[in-house]
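Could you take me through this model feature by feature, giving the general idea before the particular case?

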Amino acid sequence: MSLLIRRIVIPVVLLASVLALATAGLADPGGKGKAKKSGHNRFSAQIVVPDNGTCHNPWATDTSMRTWSVKQNNDGTFRVTRKDKGTFVTNAGQSPSACATSGKHGHLVTVGVHGKFRGYLTGTVSGGTFNPGAACNAACIGNTAAFIAAHFTGGTFTCSQGYAGCKFNFEYSSPDKPLIFHHWQDKGTNGVSEKFTGDIATS
């Protein structure tokens with residue numbers, strides 16, 4: 001399974017208390033995912049999820065505000081975009097780019113490195129019927145497959161099928177001094193492949 005698909009379908013870990021820089025998931029933060037007025041179909045919640053790297057390992061835990069936006073196209077399909085902005089804290093083990101096959105990167109990262117990240121993915125939903133009032137709490141918003149299933153019954157999302165028809169770009173950075181690599185980027189380069197640049201690594 002590709003990194004993109006793992007990033008999309010990995011189960012959400014729920015947040016327990018106030019909106020804070022949590023390092024582990026505990027309980028639902030209470031996001032209701034309601035669409036905004038004036039015809040803007042946007043759905044947001046704060047979520048906490050594990051983040052997998054190139055070696056298929058959960059190298060960090062992300063705490064972010066996730067926002068979905070939905071726009072209908074002229075052909076009856078829908079442009080669906082997910083944006084994430086927040087913080088991460090590392091787990092001990094292989095660095096996110098440790099198994100990349102090209103470019104300069106590290107191998108390992110220590111536990112407790114803090115940093116910031118932001119990113120997006122955008123694709124097309126075809127088939128099904130859009131229901132902007134569907135019940136979708138923070139756990140639903142934090143899981144791409146669940147969000148699409150809730151709002152587009154019977155619909156198919158290009159970003160759940162691989163790289164074709166899906167654009168994405170996620171960037172991570174940390175100023176922590178023990179790091180030898182402070183920036184990592186995971187990007188869909190042309191709709192059919194994935195490129196990794198740099199790393200978050202201590203060795």
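Predicted model: local features only at pLDDT ≥ 70, side-chain atom pairs only at ≥ 80, totals over all residues.

Q: Is histidine 56 buried or exposed?
A: Buried means under 20% relative accessible area, exposed over 50%, and partly exposed in between (1.4 Å probe, protein chains only). Histidine 56 is exposed because its relative accessible area is 53%; its C-alpha is 9.5 Å from that of glutamine 94, 38 residues away in sequence.

Q: How many helices and strands does the protein chain have, and what share of its contacts join residues at least 24 apart?
A: The protein chain has three helices and 12 strands, and 48% of its 203 residues count as buried. Contact means heavy atoms within 4.5 Å; among contacts between residues at least 6 apart in sequence, 61% join residues at least 24 apart.

Q: Which residues touch the most other members of the largest nonpolar core?
A: In soluble globular proteins, nonpolar side chains tend to be buried together. A nonpolar core is a set of buried Ala, Val, Leu, Ile, Met, Phe, Trp, Tyr and Cys residues joined through side-chain atoms within 4.5 Å. Here the largest such core holds 31 residues, of which Val80, Phe152, Phe157, Tyr172 and Ile200 touch the most other members. Among the elements giving two or more residues to this core are strand 1 (41–52), strand 3 (78–90) and helix 3 (144–151). Phenylalanine 152, setting aside neighbours within four places in sequence, is in contact with Val70, Phe78, Val80, Val125, Thr129 and Phe130.

Q: Where is aspartate 199, and is this residue buried or exposed?
A: Aspartate 199 lies in strand 12 and counts as buried because its relative accessibility is 0%. A polar contact is a pair of N or O atoms within 3.5 Å; within protein, one must be able to donate a hydrogen and the other to accept it, and residues adjacent in sequence count only if both atoms are side-chain atoms. In this case a polar atom of the aspartate 199 side chain lies 3.0 Å from the backbone nitrogen of serine 97. Not counting residues up to four places away in sequence, aspartate 199 also touches others, including His105, His107, Phe181 and Trp184.

Q: What does the side chain of threonine 202 reach?
A: Threonine 202, in the segment after strand 12 (194–201), counts as buried because its relative accessibility is 17%. Its side chain reaches the backbone nitrogen of threonine 110 at 3.3 Å. Threonine 110 is found in the loop between strand 5 (108–109) and strand 6, and counts as partly exposed because its relative accessibility is 41%. Leaving aside neighbours within four places in sequence, threonine 110 is in contact with Thr90, Asn91, Ala92 and Thr202. Threonine 110 and isoleucine 200 are 90 residues apart in sequence and 9.8 Å apart in space, C-alpha to C-alpha.

Conventions:
Residues numbered from 1 in each chain as written. Heavy atoms only, no water. Helix = DSSP H or I, 4+ residues; strand = E, 2+ residues; numbered from the N terminus.
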